[in-house]
Amino acid sequence: PTSAAAVSSVSRLEASDEGDEEIAIEGLDDRLASFRVLPNEGEAEHANFPRNLHNAMELLMHVGLLRSAQRLQRCTSAFLRLLDEGPRPGDVTGRAHVCFDCGFCGLAPGDS
């Protein structure tokens, strides 16, 4: 298992299954650990199911899904910037979804 400290210190990883293109994964935001990942039916029993978004990033990096990890990092960084700005009129709340195939996370249409 990869520790949070070890993953946070990673600045660049080589893509093993993505050709020769280098994929940058900047230091992980510790706040990702505060966002729980709720399993779909049947996923909770899997020993490696991530408990939070920080674990999800670690898992994606560990299994070599670097593009997915990069996309998850972009999505969560954008969300954390919105949180830092504070509430605005018209903001929508809801349960976010994470795709472990592509790394996208966000609110699904109609979930608000």
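**View 1. The residue that follows helix α3.** Just after α3, G86 adopts a positive phi of about 90°. As in the other views, the model shown here is a predicted one.

**View 2. Helix α3 along its length.** Helix α3 covers residues 66–85, and because its 20 residues should span 28 Å at 1.5 Å a residue, the 29 Å separating its end C-alpha atoms agrees with that expectation. Its buried residues are L66, S68, A69, Q70, L72, Q73, C75, T76 and L80.

**View 3. The aromatic pair of F35 and F79.** Counting rings whose centres lie within 6.5 Å, there are two aromatic pairs in the model. In the pair of F35 and F79 the ring centres are 5.7 Å apart and the planes stand at 75°, so the arrangement is edge-to-face. This pair links distant parts of the chain, since F35 belongs to the loop between β2 (22–24) and α2 (53–62) while F79 belongs to helix α3, 44 residues apart. F35 is partly exposed, with a relative accessible area of 24%, and F79 is likewise partly exposed, with a relative accessible area of 40%.

**View 4. The aromatic pair of F49 and F100.** Here the ring centres of F49 and F100 are 6.3 Å apart and their planes lie at 75°, so this pair is also edge-to-face. F49 sits in the loop between β2 and α2, and F100 in the loop between β3 (96–98) and β4 (105–107), so the pair ties together parts that are 51 residues apart in sequence. F49 counts as buried, at 19% relative accessibility, whereas F100 counts as partly exposed, at 28% relative accessibility.

Terms used. Residues are numbered from 1 along each chain as its sequence is written. This is a predicted model: local features need pLDDT of at least 70, side-chain atom pairs count only at pLDDT 80 or more; totals for chains, interfaces and linings use all residues. Side-chain values use heavy atoms; hydrogens and water are left out. Helices (H or I, at least four residues) and strands (E, at least two) are DSSP runs, numbered from the N terminus. The expected span of a helix is 1.5 Å times one less than its number of residues. Buried means under 20% relative accessible area, exposed over 50%, partly exposed in between (1.4 Å probe, protein chains only). Rings of Phe, Tyr and Trp (its six-membered ring) pair if their centres lie within 6.5 Å; planes under 30 degrees apart count as stacked, over 60 as edge-to-face and the rest as tilted.
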